[in-house]
Amino acid sequence: MENLRECFIKISNEYLNEKEKNFAKNSLGYFIRKDIPELIKNKINLDIKKYKVDGSCGQGGWAAVPWIAIFDKDITQSAQEGYYLVYLFDEKINKVYLSLNQGWTFYKKEFGKKKGSENIKKVSDKLKRKLLILKDRSYKDLEEISLGEGNLAKGYELGHICGVEYDLKTLPNENVLINDLINMLNIYLELKHLLYINDFSKIIESYILDDKLFITNEDELNFQVQESSSEEMEISPKKKLTPRISENGKIWPRDPSISKGAIEKANFLCEFDNNHQSFISDTTKKQYMEAHHLIPLNYQDEFENSLDVIGNIVSLCPTCHKKIHYGIFREKEKMLEKLYFERKKLLERFGIEITLEELKEKYKK
Ligand SMILES: [Zn+2]
Ligand SMILES: [Zn+2]
């Protein structure tokens with residue numbers, strides 16, 4: 001086959017049928033993984049030192065959304081992270097999109113499914129707006145793509161930045177397809193320049209971090225916690241976020257939804273003494289509790305992994321919370337001993353190691 005259009009028609013005619021058959025050694029699978037990427041490279045004389053082309057219809061089993069992607073090797077070499085150009089077929093194989101897209105897996109791993117969905121969308125929206133500055137781009141008009149119901153399909157939909165949609169029944173001619181591809185490659189290149197000015201991981205953080213995450217004190221945090229919804233977090237080490245530098249030193253971001261999760265996990269009880277009572281919060285209609293970072297966030301520099309995780313956040317009644325901050329050391333010590341031994345294992349699962357003595361040190365003065 002020498003024609004991209006014919007390749008798409010072949011997929012449109014055969015994919016759903018082949019999907020019923022064995023995945024291993026399927027010739028359509030081979031066609032998607034090997035033949036189409038080769039054809040694309042040749043058609044547009046792609047510099048293979050700079051670009052990589054991959055096709056996939058699943059690993060060990062058929063994917064709902066087959067794809068063929070072009071990766072700029074300076075940015076990424078995998079569909080799991082970074083930015084890339086990709087042909088995505090919808091689950092019903094009615095459509096194929098050429099989409100400037102982002103690796104959903106990265107967001108899912110980094111932030112969990114719920115927050116990851118919000119974050120990837122924020123980044124694609126911001127990039128969309130940034131690319132709007134570039135004039136003469138009809139591809140920005142495709143605001144959304146629609147692939148189906150699967151988790152990966154949803155990930156691609158959220159990661160979509162700009163692109164073009166083709167109905168497989170009424171595909172345009174080859175020249176149009178190739179022309180679109182070349183134009184989209186130019187947009188991909190412009191995106192790369194945009195990313196270079198702001199480094200890749202930094203841009204993601206600055207795009208997704210609202211100012212509300214830069215809460216500078218716990219009173220404000222606990223106010224936000226009342227309002228915020230909780231986030232289901234994976235129990236695994238989390239990378240620390242970039243601090244903001246202020247006159248008083250570094251400010252580490254605190255995410256109220258994580259603190260909310262910690263309080264929910266404690267069933268709205270005081271973790272120093274479950275019998276302690278506060279009052280019913282008018283916002284949550286639950287017992288009012290406050291979130292406290294057992295290892296205070298201003299020691300974040302000493303730790304490899306984020307301290308803003310449920311493993312390091314304890315739920316305390318207001319009295320206990322004030323006590324652990326302002327009480328005499330003997331009283332604080334009693335609280336720390338109890339909370340430390342209950343938390344030690346969980347802290348380790350978040351990649352945070354500290355001895356009781358080290359923890360106590362942080363509460364002296
Ligand atoms: Zn506190
Ligand atoms: Zn208490």
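This is a predicted model: local features need pLDDT of at least 70, side-chain atom pairs count only at pLDDT 80 or more; totals for chains, interfaces and linings use all residues.
Local features need pLDDT of at least 70, side-chain atom pairs count only at pLDDT 80 or more, and totals for chains, interfaces and linings use all residues. Residues are numbered from 1 along each chain as its sequence is written, and side-chain values use heavy atoms, leaving out hydrogens and water.

**Exercise 1.** Work out which protein donors hold the zinc ion (ligand 2) and what geometry its site has.

*Solution.* 
- Start with the donors, meaning N, O and S atoms within 2.8 Å of the metal (3.2 Å for Na, K and Ca). You get Cys270 (SG), His276 (ND1), Cys317 (SG) and Cys320 (SG), 2.1 to 2.3 Å from the zinc ion (ligand 2).
- Next, check the angles: they run from 94 to 121° among the 4 donor atoms, so the site is tetrahedral (four donors, all angles between 85 and 135 degrees).
- Then look at the sequence, where the donor residues are spaced C-x5-H-x40-C-x2-C. His276 sits in the loop between α9 (256–265) and β8 (290–293) and Cys320 in helix α10 (residues 318–326), so this pair ties together parts 44 residues apart in sequence. Helices (H or I, at least four residues) and strands (E, at least two) are DSSP runs.

**Exercise 2.** Find the strand order of the open sheet of 5 strands and say which strands stand at the edges.

*Solution.* 
- Read off the order: β1-β2-β3-β4-β5, with antiparallel pairing (at least two DSSP bridges between two strands).
- Now the edges: β1 (51–56) and β5 (162–167) each have a single partner strand, so one side of each lacks a neighbour in the sheet.
- Finally, zoom in on a pair: β2 (residues 67–72) and β3 (residues 83–89) share 4 bridges, and Trp67 stands opposite Leu88 in β3.

Terms used. Chains are lettered from A and ligands numbered from 1 in the order in which they are written. Four donors count as tetrahedral if all angles lie between 85 and 135 degrees; four count as square planar and six as octahedral if opposite donors are over 155 degrees apart and all others between 65 and 115; anything else is irregular.
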